[in-house]
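I am opening a notebook on a protein that is new to me. I will look things up one at a time and write down what I find.

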Amino acid sequence: MASPLRVVACATLLLASVVACAVSSVRGPNTHRASTELPATQEIRYDAPSTAITPVVSSHPGLLRVRRVPASVEARVPRPVPAPPLLELPGLPQVILNIVLNYPDRHLRVTQHIRLVNATDDPWDEIVFSVPPARTPGVFMLDPIAGATMEGTMLTLTMTTPVLPGEPVSITLAYEINIPDVSPTDGHPEGNLGAGERVIQMGDWHPTLVPYLPGLGWQRWSYHAIGDPVIYPIADYDVRLYADPSIVIAAPGVATRQGLLRRYELQQARSFALLASPDYRLLEADAGGIPLRAYVLPGYAGAGQHAVDVASRAILQFSDLFGPYPTDGLVIAQNAYSGSMEYSGLISLSRQAFEVYRGSPQALLTRLTVHEVAHQWWYGAVGSDQVHEPWLDEALARYSELLYYERYAPDLVDWWWAAHFAAVDGAIDGSIYDFDTSYDYIRQVYGQGARFIHDVRRWLGDEQFFAFLRAYRDAGEGRLMGTDDFVTILQAHSERDPAPLIGRYFSAGGLPIE
Ligand SMILES: [Zn+2]
């Protein structure tokens, strides 16, 4: 059932003055933040405020319960929120997501504001977003908006007047999403946005600014169902979610709740992902001051606790090796498909890994948890072009698995090499377009990539290797790093020429791959 909201979408170029496109509402500078709060409407009423996230425990855990959103929820959903005045220049793009999640209908109604400043030397005639759900007809439906064109998964907004260097711009997008089905055997990236029997997962689901390449323009790419076909610069997210109170939301960032409104603030994030289920149970832990919240389905408390324990150990270890954990807490969520995915402040873990978990030291759940936690550094803190240079984050995330086993289960190190690297070969620097199957992609980019990182470690020695990783993290904090950055920092950590080592693993090296 579609939401009865009437939402007007528009792109508003803000020069000196402020124009609120969806609803006229211009406020003074002191109400800057207030204007982004809930729209003032008599329809909005709240329950008693609560600042705690309370887990909802299903009384019928074995049943798929189909709920209708109560009429009172729909009556209270917000009207379109006016674009906030740009009276302060944000350092990072600011993304405000107002989401109405209709869980039983698998439907989203979203108003999204994006506020940014043209910090480049180029005038912007257009602004471009990546919209992965747009690849499937009938999933992503953008309200009419002047100057918008969709080509593949790239949404281009043509500016009526160029955004000059130093000028701010505020954009409002309004859209609906019909969440497609996802099956337990599906994987990523196709199932990243999907509704399973008991879980809705929302990864790579909202329009996201693409990188801007100075002098070249916005970076566009084609969707390809291999790897992670997205490239995300960081932004600050302020997310307000409305859903039936019985739906448990697994979402990252600083969470507060006020009646039907659940709010999440997440800084320096590459996107905002969440999962939802009426049946989630909450497990909580603390890893050296980093709060962990794990959401698992009934019957998987043991596996969930294992994931929490592994994640806690990995956070402690990687904080020590790579530098401080990069965001506000970590959310772990049992998902609805076979894949596992990293998102800023959240890891979506394979339901399959939970189902086969029997407490074995070699459990798939262990390796996946470590891998996705490592991505909080090698993806979250240090971004990279996951389309054209996916080895950069995947090789480091896979190699981080080995570091975990070395410290916490050294007797499994030989097993780890044997289990995952028997048939590894090929150059590591292919793009996602060079692969037709996830098997080949993972074998070559992850596997051979981890071998390369291991050879880098042997070439540098442990002390210099970990100094190199910390330097790479420091240099890449909040940025999108490239192979050139990696090699430059590597060169700075040795007096020897790394070219022969590079040549063994990179196609451009021109040397045969072992
Ligand atoms: Zn990965």
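**Entry 1**

I began with strand β5 (residues 124-130) and β8. Six bridges join them, and the two strands run antiparallel. I note at once that this is a predicted model. Within the pair, I found I127 standing opposite L157 in β8.

Next I followed β8 to its other partner. β7 and strand β8 (residues 154-163) pair in the antiparallel sense over four bridges. I looked up two partners across this pair. A148 has L157 in β8 as its bridge partner. E151 has M154 in β8 as its partner. So what sits between the strands of this hairpin? I counted two residues, and G152 takes a positive phi near 65°.

Four strands form an open sheet in the order β7-β8-β5-β12, and the pairing is antiparallel. The edge strands are β7 (148-151) and β12 (208-209), each of which pairs on one side only.

A reminder to myself: strands of a sheet pair through backbone hydrogen bonds, either parallel or antiparallel.

**Entry 2: around β18**

I moved on to β18 and checked two partners. Strand β15 (residues 235-242) is joined to strand β18 (residues 261-269) by seven bridges, and they run antiparallel. Here L241 stands opposite R262 in β18.

Strand β17 (residues 254-258) also runs antiparallel to β18, with five bridges between them. I looked for the partner of A255 and found Y264 in β18. β17 and β18 form a hairpin with two residues between them. I checked the turn: G259 has a positive phi of about 60°.

**Entry 3: a mixed sheet and the helices across it**

What is the strand order in the five-stranded open sheet? I read it as β20-β21-β22-β24-β23, with mixed pairing. Its edge strands are β20 (281-287) and β23 (341-343), and each pairs on one side only. Neighbouring strands of this sheet are turned by 15° against each other on average, direction ignored.

I looked at one pair in detail. β20 and strand β21 (residues 290-296) pair in the antiparallel sense over seven bridges. E284 stands opposite R293 in β21.

Two helices came up next. Helix α2 (residues 301-322) lies across β20, β21, β22 (330-334) and β24 (346-349), and runs at about 155° to β21. Helix α4 (residues 364-374) lies across β23 and β24, at about 155° to β24.

**Entry 4: α6 against α8**

I wanted to know how two helices meet. Two packed helices are described by the angle between their axes and the distance between the axes. The axes of helix α6 (residues 391-408) and helix α8 (residues 438-460) come within 8 Å and cross at roughly 70°. Angles of 65 to 115 degrees count as roughly perpendicular, so α6 is roughly perpendicular to α8.

Which residues make the contact? From α6 I listed W391, E394, A395, L396, R398 and Y399. They meet V445, Y446, G449, A450, F452, I453 and H454 in α8. The contact divides into nine nonpolar, two polar and two charged residues.

Leaving aside its neighbours within four places in sequence, A395 is in contact with I428, Y446, G449, A450, F452 and I453.

**Entry 5: the core**

A395 turned up again here. The largest nonpolar core has 137 residues, and A276, A311, I332 and A395 touch the most other members. The largest share of this core, 10 residues, comes from α6.

**Entry 6: R473**

Is R473 buried or exposed? R473 counts as buried because 22 C-beta neighbours lie inside 10 Å, and the cut-off for buried is 20 or more. R473 has its place in helix α9 (residues 462-476).

I checked what R473 touches. Neighbours within four places in sequence aside, R473 is in contact with F322, G323, W377, A381 and V382. R473 and G323 are 150 residues apart along the chain, yet 7.5 Å separates their C-alpha atoms.

**Entry 7: overall tallies**

The secondary structure comes to 11 helices and 26 strands. Buried residues make up 47% of the 514 residues. Among contacts between residues at least 6 apart in sequence, 71% join residues at least 24 apart.

Notes: Residues numbered from 1 in each chain as written. Predicted model: local features only at pLDDT ≥ 70, side-chain atom pairs only at ≥ 80, totals over all residues. Axes fitted to C-alpha atoms, helices over the stretch in contact; angles between N-to-C directions. Parallel < 35°, antiparallel > 145°, perpendicular 65-115°, else oblique. Contact = placed C-beta atoms within 7 Å. Nonpolar A, V, L, I, M, F, W, Y, C, P; charged D, E, K, R; others polar. Core = buried A, V, L, I, M, F, W, Y, C linked by C-beta atoms within 7 Å. Buried ≥ 20, exposed ≤ 12 C-beta atoms within 10 Å, placed from the backbone. Pairing = 2+ DSSP bridges.
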